Amino acid sequence: MTALHLSNRDDLRGYLLTGPGSADALSAAGLPLPQAQLSAAASAEALVARTGSDEYMAFIGAGAQQPAHEWCFPRADSVLALKGEGWIALMAQVCQYDFRRMQPGDWLMTSVAGVNCWLYHEINGALLIGFDSGYDHYMNELFHTLVNELGGHTLNEGDAR
Amino acid sequence: MKLLDCPVIGKRPISEFDYLGEVRVPPSQADELVWADYVFNRKGAPGVLRERWYHRPTGRWFVFDRDTLTDEIVAVVDAADVRYEEPRYEIPA
């Protein structure tokens, strides 16, 4: 297990797709398509969560194709990536959810430090924490402080992979 | 911390929810007494109450049948089942 560290996933662009045809638009762009509501599917360059019967949130890297759809709106999420030994202990300080139950591939929408967030546990072990960028300063300050208190280190650039 | 055990999204802190109260249908044609009862009175006795809840992190509305004595969610109700026609009100002359 590696040491705890935190990074910003500025490489991800977020989109909300809604309405009939949203699933087809994701498929046409070659993006993963989660089947169950409140679940997510990931590929090497994209993460897609199904948040309603015909509503999806997509976060795609530079190498993935943007979905083309009439009801495709850009989102302004900030995304933190937390990885390494002690991440569960850190999250226990800011969220009531029992992260020992969270498995790679799991998607969760909950309140973290009082902020509405989505969370995704990547296959590589990193926990992605997405939230409205209006809380960027607050969440960055908070998580950097907690990571430093727990003996980890933080990165300003790059990702958790 | 008080938890709401939602059959759809699991146990969540009550602070993640907004409570919208009992699902009630406004009277379409009623006198002042009926309207006063609708506007001012609520069921307070313990028992199963059909209520609206909003979960902020997922942005989802729920209609629950909740036992207000035990806090148990007895059933999740489809929103279509509590839909009603908007009454047409006549403005008194």
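**Glu85(A)**

I looked up Glu85(A) and found that, at 54% relative accessibility, this residue counts as exposed, where exposed means over 50% relative accessible area, buried under 20% and partly exposed in between, with a 1.4 Å probe and protein chains only. I place Glu85(A) in the loop between strand E7 (77-83) and helix H2 (87-92) of chain A; helices (H or I, at least four residues) and strands (E, at least two) are DSSP runs numbered from the N terminus. From Glu85(A) to Leu17(A) I read 35 Å, C-alpha to C-alpha, across 68 residues of sequence.

I note that this is a predicted model, in which local features need pLDDT of at least 70 and side-chain atom pairs count only at pLDDT 80 or more, while totals for chains, interfaces and linings use all residues. Residues are numbered from 1 along each chain as its sequence is written, chains are lettered from A and ligands numbered from 1 in the order in which they are written, and side-chain values use heavy atoms, with hydrogens and water left out.

**Aromatic rings**

I took rings of Phe, Tyr and Trp (its six-membered ring) as a pair if their centres lie within 6.5 Å, with planes under 30 degrees apart counted as stacked, over 60 as edge-to-face and the rest as tilted. By this rule I have 10 aromatic pairs over all chains.

I then turned to Trp107(A) and Trp118(A), a stacked pair with 5.3 Å from centre to centre and 15° between the planes. Trp107(A) belongs to strand E8 (residues 107-112) and Trp118(A) to strand E9 (residues 115-121) of chain A, so their contact ties together parts that are 11 residues apart in sequence. I find Trp107(A) buried at 10% relative accessible area, and Trp118(A) buried at 2%. Ring pairs also link Phe59(A) with Trp107(A) and Trp118(A) in a cluster.

In chain B I noted the charged end of Arg24(B), which sits over the ring of Tyr38(B) at 4.4 Å from its centre; the rule asks for NZ of Lys or CZ of Arg within 6 Å of the ring centre and within 35 degrees of the ring normal.

**Pockets**

I searched a 1 Å grid over the protein atoms alone for pockets, open sets of points where a 1.4 Å probe fits, with protein on both sides within 12 Å along at least five of seven lines, and took as lining the residues with an atom within 4 Å of a point. The largest pocket holds about 360 Å³ of space. Of its 21 lining residues, Arg75(A), Met109(A), Asn116(A), Arg56(B) and Pro57(B) are the closest to its centre. The largest share of this lining, 4 residues, comes from E9(A). Domain 1 (5-10 + 76-153) and domain 2 (13-75) of chain A both contribute to the lining, so I place the largest pocket between them, with domain bounds from an automatic or database domain assignment.

For the second largest pocket I have a volume of about 270 Å³. Among its 15 lining residues, the closest to the centre are Gly59(B), Arg60(B), Trp61(B), Phe62(B) and Ala79(B). Strand E4 (46-52) of chain A, together with strand E5 (60-67) and strand E6 (73-77) of chain B, are the elements that give two or more residues to this lining.

How values were computed: Grid points are joined across faces, edges and corners, and a volume is the space filled by probe spheres set on the points.
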